[in-house]
Amino acid sequence: MKSKQNYVSRHVEPIIHLFSEIKLRKNVNIVFLFFVIVPLFFLSSCKGEEESGGVAHDPNKPIVLTSFSPDSGRISEMVLLDGDNFGTDPSKIQVFFNVKEAAVINSTGKRILALVPRLPGDTCVLSVKIGNQEKEYSEQFYYKIAASVTTTAGNGNDPADPPVYNVGLDKIQLVPVYIGMDKDFNIFVSLGNDNLLRLNVAENSATVVATGPQGYDHRCPPIANPLTNVLQTGSEDERDRFCFMDPRTGWIPKLYFIKEWNRGFNSVTGKEYDMPSDVRHYHCLVSEADGNYYTRYHDGQLVRIDPVTWKATIIGMTPSGIAYGMAMHPINPNELWIAYSSGAGDVSNSICVVDVTDTRVGSDGVRLASFQKLSGATNGAHRDGPLSISQFNQPRGISFDADGNLYVGDNENHCIRMINTTTMMVETMIGIPNNAGFKDGSKDDALFRNPHGIVVDAEGNIFVSDYGNKRIRRIAIE
């Protein structure tokens, strides 16, 4: 009896404590967990604990991995990992689903209880690390994404002339192009009439914060500076102009201009780079690697801007062509990821990356040496799997979450794609490829029509400017 009481205090009570600390998925039945899963863990593990004597991990003996169950599941679901020489101290055990670390709840020495982490990738290698030892299970775990779509704003109709924005988000009429969000969860939507709207979901309201006459261009995504929370955009019709909107001044647009140009130097040709002849530069991004602003012109010039002096330096060339999507990687802040649309030659319909801190010229004598085309064929199609063979069709906006997953508004495929930038795997997050339509609901049912802009908030929710459906959609992922 005393043995069982000790077991409960060591193994079941931590699970009870866990449930008071974590937010369970809505469809998890707590009664089922306590009266089925926990007793099974207890019954199947008592014998193993008695055999092992509850001994600590022996670093002189190898970790033994045998099996795990279940072989698939969603975020926060329990997984039992069987083997030997785990030890009974969960604080010394690490379990990984690919490279995402899972919460380890308990261990009997022969069985580990862990929780599935959020978005480790669709197919996972499970590994256990204790001290200097690490081993992988031979079988794979399949991660099931649970995603649902709801409409945040827009009733699907063309806006009136003049447009009306004070009728509530469910009745508002708009044609959203690109989308952004600041740290305070304000949603900003660019419209085809060059208005920029701020949506306040809590207040069910929309207000205009910038217009075309004030210098705002609707093809310029409003991107919040992660350091200052100021919205920053490039320009579509003036080479040296940028538009900033500071929440401390009510997002009133303020124009900034490049004051001086340094044309840079191509070490292969021995010449300075050409100045941009096509003035379109849609983005103004800050790199947390060096604190400078970066933009890219349609001709391909990648430009670094000193935020104090507003001196611009051409640091090198990328392929020319339209790239509506650009984002700095949150974990590798020197990496600028680019989504090229059609009409960009050998990088059309492609996801690419360049290191903004590396100004070396590649062997072709033109492009920056660090520039890489990461995705597959450029003909405009749909294909999931390894990023190197994946296909996109006129990708538009892109946005990272805090874990470094990149979400892509795949315009002509009418769906939202996710790239795990650690495993370099691509999957269709939601939407049915090549099937345009409008429908809220689950991953298997939801439909989009030409999704353009995309932004991820601090809680991992995704907001999409669903251009063809004239709505703002929200994707909740588990």
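The legends below describe close-up views of a predicted model.

**View 1. Strand β22 and its burial.** Strand β22 covers residues 311–317. Because five of its seven residues are buried, that is, under 20% relative accessible area, β22 is largely enclosed by the rest of the structure.

**View 2. Strand β22 beside β18.** Strand β18, made up of residues 260–262, runs parallel to β22, and three bridges join the two. Within this pairing, K311 of β22 stands opposite E260.

View 3. Five bridges connect β22 with strand β21 (residues 301–305), and the pairing is antiparallel. I314 in β22 is the bridge partner of V303.

**View 4. The largest pocket and its centre.** The space in the largest pocket comes to about 970 Å³. This pocket is lined by 43 residues, and those closest to its centre are A224, P226, S399, F400 and V456.

**View 5. Strands and residue classes in the lining of the largest pocket.** At least two lining residues come from each of the strands β10 (176–181), β14 (223–224), β19 (285–286), β23 (325–328), β28 (395–400) and β33 (451–456). By class, the lining holds 25 nonpolar, ten polar and eight charged residues.

Technical notes. Residues numbered from 1 in each chain as written. Predicted model: local features only at pLDDT ≥ 70, side-chain atom pairs only at ≥ 80, totals over all residues. Heavy atoms only, no water. Buried < 20%, exposed > 50% of the residue type's maximum accessible area, 1.4 Å probe, protein only. Helix = DSSP H or I, 4+ residues; strand = E, 2+ residues; numbered from the N terminus. Pairing = 2+ DSSP bridges. 1 Å grid on protein atoms, 1.4 Å probe; cavity = no way out; pocket = protein on both sides within 12 Å on 5 of 7 lines; lining within 4 Å. Points joined across faces, edges and corners; volume = space filled by probe spheres on them. Nonpolar A, V, L, I, M, F, W, Y, C, P; charged D, E, K, R; others polar.
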